[in-house]
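Welcome, and please open the model in your viewer. We will go from one selection to the next, with a short note on what to look for at each stop.

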Amino acid sequence: MSKSIAAGRLKLSLGNLESLPAMPEIARRLLMLPLDTESGEKQMIALVEKDPQISARVIGLANSSAMGSQRQIKGIRDAAMLLGMQRLKSVALGIATMSAMLKQPAGKYFDPHDFWTHSMTIAIVMHAIAGAMPKRIRPDENLIFLAGLLHDIGLAALHHLDYEASEELHHQMCLNPKAPIPEVETELLGVTHAEIGAQLVRHWNLPAEIADVVGSHHSPPTGKEAYANPLIRLVSIAERLLPDFGFAEHTFGPVFDDEWRELCIDSTRVDEIVAIANELALQVVQLPEVQHETVQEVQAHEEALLEAAPKAQDTDLPVTRGRFAALLYAVKRIAASLKFW
Ligand SMILES: [Fe+2]
Ligand SMILES: [Fe+2]
């Protein structure tokens with residue numbers, strides 16, 4: 001594919017906000033739900049429970065030892081108790097928006113599963129680093145997760161908007177093992193995943209702090225500006241502690257003392273933080289193997305299966321269309337529970 005075609009095509013789609021993917025319905029509803037009432041909380045749990053992919057990922061996250069769970073989390077209600085309603089909301093929101101962007105199949109060079117692993121791990125490691133910050137300057141925990149999950153949403157959006165350009169980008173990253181991703185993107189596409197992602201996040205009216213993280217995570221501000229949004233530094237440090245974890249962005253490089261100081265983290269704690277980050281990353285990759293196709297297969301056949309199920313008035317059979325839908329839903333839940341990440 002010619003570079004100019006890829007760049008032209010992308011600019012066209014980015015210039016036209018209408019061509020950007022709409023915010024998924026479930027994410028929109030999650031954003032609107034008030035959590036200061038019991039009924040708002042109930043509605044949120046019901047909303048998350050209804051989506052097997054989102055609930056499976058939330059339960060997977062809640063079961064990771066990084067979340068400090070002492071027992072096995074089996075359902076969304078348990079996860080809500082452990083994470084708290086606000087964090088459950090932001091995790092579900094991050095997962096819902098990312099899932100919408102990752103509907104395209106894996107390519108030769110970009111695999112949505114690896115992308116998930118990367119995004120989840122960065123979110124968890126950011127949370128661990130933030131734990132070493134003094135409480136008075138620590139960012140809102142809910143935003144930490146959302147920022148970590150969505151920091152690379154521009155890459156997912158690129159895969160969604162232009163599969164060929166996405167594949168070519170990740171191919172070029174393999175061919176240029178030392179080039180940082182913004183350099184390769186600018187050369188190949190004329191736009192970076194940080195710019196694409198920030199535009200999308202703004203288009204969806206997500207918090208401004210998240211748009212800043214997405215737009216600046218490869219070039220964090222310095223000087224006084226650096227203190228305005230510590231989430232950007234948290235992503236940037238987490239990416240260098242685990243360079244190319246999941247997929248290649250070539251984020252190699254030292255974390256300087258000034259950067260730890262910016263977060264008010266004592267440099268004597270750095271070795272401990274690095275060890276924790278590596279341990280957490282290991283835990284993420286050791287989580288139960290994903291059964292990738294199961295949920296998608298069930299969903300792909302859902303319509304046909306429902307169509308084939310008899311209507312109540314046509315049959316004496318105990319399994320009518322309504323009950324069949326319920327059974328199908330149960331199968332999806334079971335399939336999703338096998339799919340932790
Ligand atoms: Fe990135
Ligand atoms: Fe990243």
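Start by selecting Leu155, which is found in helix 9; helices here are DSSP runs of H or I with at least four residues, strands are runs of E with at least two, and both are numbered from the N terminus. Leu155 is buried, because 27 other C-beta atoms lie within 10 Å. The cut-offs are these: a residue is buried if 20 or more other C-beta atoms lie within 10 Å of its own, exposed if 12 or fewer, and partly exposed in between, with C-beta atoms placed from the backbone. Now show Phe115 too: its C-alpha atom is separated from that of Leu155 by 8.9 Å, although the two are 40 residues apart along the chain. Leaving aside neighbours within four places in sequence, Leu155 is in contact with Phe115 and His193; a contact here means that the two C-beta atoms, placed from the backbone, lie within 7 Å.

Before the next stop, a word on what you have open. This is a predicted model, in which local features need pLDDT of at least 70 and side-chain atom pairs count only at pLDDT 80 or more, while totals for chains, interfaces and linings use all residues. Residues are numbered from 1 along each chain as its sequence is written, and chains are lettered from A and ligands numbered from 1 in the order in which they are written.

**The whole chain**

Zoom out and colour by pLDDT, the predictor's confidence in each residue, from 0 to 100. The mean pLDDT of the protein chain is 80, and 77% of its residues reach 70 or more. Over residues 288–295 the pLDDT is below 50, and this stretch has 17 contacts in the model beyond near neighbours in sequence. Residues 312–324 also stay under 50, with 15 contacts beyond four places in sequence.

In a cartoon view, the chain comes to 19 helices and zero strands. Of its 341 residues, 40% count as buried. Among contacts with a separation of 6 or more, 68% are between residues 24 or more positions apart.

**Helices 7 and 8**

Select residues 112–130 (helix 7) and 141–150 (helix 8): they pack at an angle of about 145 degrees, with their axes 7 Å apart. Axes are lines fitted to C-alpha atoms, for helices over the stretch in contact, and angles run from 0 to 180 degrees between N-to-C directions. Which residues in helix 7 meet helix 8? Show Ser119, Met120, Ile122, Ala123, Met126, His127 and Ala130 in helix 7, which meet Ile144, Phe145, Ala147, Gly148 and Leu149 in helix 8. The residues of this contact divide into nine nonpolar, three polar and no charged. In this scheme Ala, Val, Leu, Ile, Met, Phe, Trp, Tyr, Cys and Pro count as nonpolar, Asp, Glu, Lys and Arg as charged, and the others, Gly among them, as polar.

Keep helix 8 selected. Eight of its 10 residues are buried, so helix 8 is largely enclosed by the rest of the structure. The buried residues include Asn142, Leu146 and Leu150. To see the surroundings, show helix 6 (85–101), helix 7, helix 9 (153–161), helix 12 (193–203), helix 13 (208–216) and helix 14 (230–241), against which the buried residues of helix 8 pack.

**Helix 11**

Next, select residues 181–189, helix 11, where the buried residues are Ile181, Val184, Glu185 and Leu189. They sit on the same side of helix 11, because they cover an arc of only 100 degrees around the axis; the arc is that of the directions from the helix axis to the C-beta atoms. Step on to Gly190, which follows helix 11 and has a positive phi, near 75 degrees.

**Two loop residues**

Asn205 is in the loop between helix 12 and helix 13. Its phi is near 60 degrees, a positive value in a residue other than glycine. Is Asn205 buried or exposed? Asn205 is exposed, with 11 other C-beta atoms within 10 Å.

Cys264 lies in the loop between helix 15 (257–262) and helix 16 (270–286). Phi of Cys264 is near 60 degrees, again positive in a residue other than glycine. Cys264 is partly exposed, with 14 other C-beta atoms within 10 Å.

Leu83 is in helix 5 (residues 76–83) and counts as buried, with 24 C-beta neighbours inside 10 Å. Show what Leu83 touches, not counting residues up to four places away in sequence: Ala62, Met67, Leu88 and Val91.

Finish at Ile26 in helix 2 (residues 25–32). Ile26 counts as buried, with 20 C-beta neighbours inside 10 Å. Leaving aside neighbours within four places in sequence, Ile26 is in contact with Leu47, Asp51 and Ala96.
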